Amino acid sequence: AISDVLGRQNTYAVFGLGIPIVGLTPYLCHMASGAGAGGEVDMWPLMAFYSGSVLTITFYGGVFSVLPAYIADLFGQKHAGAIHGKALTAWALSAVAGPMGLAYLRSHSYKSAVEDLLQAIDHHDASALERSFGVSINDDVGIQKLMNAKTLTIEKLMELAPEDFVDPSPYLYNTTLYAAAGLMSVAFLSNLAIRPLDLNKELKQLERGSVRS
């Protein structure tokens with residue numbers, strides 16, 4: 001009903017408000033995981049994160065509900081069903097490829113965090129890693145096996161890390177969220193780039209084509 005008043009394209013532009021929400025999520029998570037003055041946790045970042053998550057999920061549902069009407073407005077009722085089916089097929093493929101790509105980014109961030117932890121532990125106590133896990137800092141194969149077996153984790157490494165070393169766990173999804181915000185930005189700009197056809201121009205081109213034939 002709201003899209004009938006605002007227009008389909010403007011409604012999708014409103015859904016673009018999810019871009020800053022997703023892009024700022026890492027910042028909110030960092031703020032929520034840190035302690036404020038006196039050791040008290042600041043609640044506003046956590047409340048903003050919860051509110052933004054609910055709003056983003058609402059936008060996701062709105063995209064699905066408005067899409068058929070948007071397609072009908074752009075291409076007409078005659079072709080709306082077929083185009084909507086193709087759009088849903090592409091959506092299904094993105095539901096597989098998207099999480100795989102984002103999971104790769106998260107995995108890369110995890111490995112980078114472990115490498116930084118290992119270096120910090122080695123500088124702090126060179127023998128700590130071998131005493132706890134039976135591998136040296138240079139044993140890449142042994143470290144990878146322990147990581148695959150979930151024996152060597154960030155949580156366990158933090159027990160050996162220097163006291164001033166910042167826990168990287170809240171930062172593991174930064175690249176994933178930034179990538180998601182970037183893809184959403186591309187979709188937002190693509191929506192704004194949609195323009196109605198110039199019917200007079202199209203009819204003239206059809207007439208020229210029929211005359212030449």
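**Figure 1. Arg 8 is a buried residue with a relative accessible area of 16%.** Here, buried stands for under 20% relative accessible area, exposed for over 50%, and partly exposed for anything in between, using a 1.4 Å probe and protein chains only. A word before you zoom in: this is a predicted model, in which local features need pLDDT of at least 70 and side-chain atom pairs count only at pLDDT 80 or more, while totals for chains, interfaces and linings use all residues. Residues are numbered from 1 along each chain as its sequence is written, and side-chain values use heavy atoms, with hydrogens and water left out. The view shows the side chains of Arg 8 and Asp 4 joined by a salt bridge at 2.7 Å, N to O; the term requires a side-chain nitrogen of Lys or Arg within 4 Å of a carboxyl oxygen of Asp or Glu.

**Figure 2. A salt bridge joins the side chains of Asp 125 and Arg 131.** The N to O distance is 3.0 Å. Asp 125 counts as partly exposed, at 26% relative accessibility, whereas Arg 131 reaches 58% and counts as exposed. The structure holds 3 salt bridges. As a reminder, side chains of opposite charge can pair when their charged atoms come close.

**Figure 3. Helix 2 spans residues 8–15, and its buried residues are Arg 8, Thr 11, Tyr 12 and Phe 15.** Looking down the axis of helix 2, these buried residues fall within an arc of 100°, so they line one face of the helix. The arc is taken from the directions that run from the helix axis to the C-beta atoms. Helices are DSSP runs (H or I, at least four residues), as are strands (E, at least two), and both are numbered from the N terminus. The cover over the buried residues of helix 2 includes helix 1 (2–6), helix 3 (18–33), helix 4 (44–75) and helix 9 (174–192). Contact means heavy atoms within 4.5 Å.

**Figure 4. Helix 9 has 19 residues and reaches 27 Å from its first C-alpha to its last.** That is close to the 27 Å expected, where the expected span is 1.5 Å times one less than the number of residues. Its buried residues are Asn 174, Thr 176, Ala 180, Ala 181 and Asn 191. They cover an arc of only 160° around the axis, which puts them on the same side of helix 9. The face turned away from this buried side carries the exposed residues Leu 183, Val 186 and Leu 189. Helix 2, helix 3, helix 4 and helix 5 are among the elements that cover the buried residues of helix 9.

**Figure 5. The largest nonpolar core has 20 residues.** A nonpolar core is a set of buried Ala, Val, Leu, Ile, Met, Phe, Trp, Tyr and Cys residues joined through side-chain atoms within 4.5 Å. Val 114, Leu 129, Phe 133, Leu 152 and Leu 157 have the most contacts inside this core. Two or more residues each come from helix 5 (77–124), helix 6 (128–133), helix 7 (140–148) and helix 8 (154–158). Helix 5 gives the most, with 6 residues. A second, separate core of 11 residues includes Phe 15, Val 66, Ile 71 and Ala 72.

**Figure 6. Tyr 60, Phe 64 and Trp 91 take part in aromatic pairs.** Rings of Phe, Tyr and Trp (its six-membered ring) pair if their centres lie within 6.5 Å; planes under 30 degrees apart count as stacked, over 60 as edge-to-face and the rest as tilted. By this rule the count comes to 7 aromatic pairs. Tyr 60 and Trp 91 pair edge-to-face, at 6.3 Å centre to centre with 90° between the planes. Tyr 60 lies in helix 4 and Trp 91 in helix 5, so the pair ties together parts that are 31 residues apart in sequence. Phe 64 and Trp 91 are stacked, at 4.1 Å centre to centre with 20° between the planes. This pair links distant parts of the chain, with Phe 64 in helix 4 and Trp 91 in helix 5, 27 residues apart. Both Tyr 60, at 48% relative accessibility, and Phe 64, at 32% relative accessible area, are partly exposed.
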